[in-house]
Amino acid sequence: MDGMKTSCSHHCESTVKKIDALPLAMAYVPWQRWGDLYKPEDGLKQGTIFIDLNLPFTGRRCGK
């Protein structure tokens with residue numbers, strides 16, 4: 001990468017410095033109850049072992 005020119009201007013560099021100064025985010029993840037589980041092979045196909053978390057993307061709203 002040495003010697004390569006980038007199209008980033010001075011404005012871009014100052015924006016990156018501002019982003020680097022932001023604090024890290026904090027996530028809230030509630031405890032998941034161990035009930036209503038898929039069998040391992042079905043969970044692998046669905047992308048989750050928790051039946052309650054299986055909310056397929058439909059392009060609009062989540063639903064079962």
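Analyst: Helices here are DSSP runs of H or I with at least four residues, numbered from the N terminus. The model is predicted.

User: Is Arg-33 buried or exposed?

Analyst: Exposed means over 50% relative accessible area. Arg-33 has 72% relative accessibility, so Arg-33 counts as exposed.

User: What distance separates the C-alpha atoms of Arg-33 and Asp-52?

Analyst: Arg-33 and Asp-52 are 19 residues apart along the chain. Their C-alpha atoms are separated by 9.7 Å.

User: Which residues make the nonpolar surface patch of about 330 Å²?

Analyst: Trp-34 is one of them, and Trp-34 is found in the loop between α1 (10–20) and α2. Trp-34 has a relative accessible area of 66%, so Trp-34 is exposed. The nonpolar patch is made by Trp-34, Leu-37 and Ile-49.

User: Is Thr-48 buried or exposed?

Analyst: Thr-48 lies in the segment after α2 (40–46). The cut-off for buried is under 20% relative accessible area. Thr-48 has a relative accessible area of 17%, so Thr-48 is buried.

User: Which residues does Thr-48 touch, not counting those up to four places away in sequence?

Analyst: Contact means heavy atoms within 4.5 Å. With residues up to four places away in sequence left out, Thr-48 touches Tyr-38, Gly-43, Leu-53 and Asn-54.

User: How many Å from the backbone nitrogen of Phe-50 is a polar atom of the Thr-48 side chain?

Analyst: A polar contact needs N or O atoms within 3.5 Å. Between the Phe-50 backbone nitrogen and a polar side-chain atom of Thr-48, the distance is 3.1 Å.

Note on methods: Residues are numbered from 1 along each chain as its sequence is written. This is a predicted model: local features need pLDDT of at least 70, side-chain atom pairs count only at pLDDT 80 or more; totals for chains, interfaces and linings use all residues. Side-chain values use heavy atoms; hydrogens and water are left out. Helices (H or I, at least four residues) and strands (E, at least two) are DSSP runs, numbered from the N terminus. Buried means under 20% relative accessible area, exposed over 50%, partly exposed in between (1.4 Å probe, protein chains only). A polar contact is a pair of N or O atoms within 3.5 Å; within protein, one must be able to donate a hydrogen and the other to accept it, and residues adjacent in sequence count only if both atoms are side-chain atoms. Patches are made of residues with over 30% relative accessible area and no salt bridge: like charges are joined within 9 Å, nonpolar side chains (Val, Leu, Ile, Met, Phe, Trp, Tyr) within 5 Å. Accessible areas come from the Shrake-Rupley method with a 1.4 Å probe; for residues, only the protein chains shown count as cover. A salt bridge is a side-chain nitrogen of Lys or Arg within 4 Å of a carboxyl oxygen of Asp or Glu.
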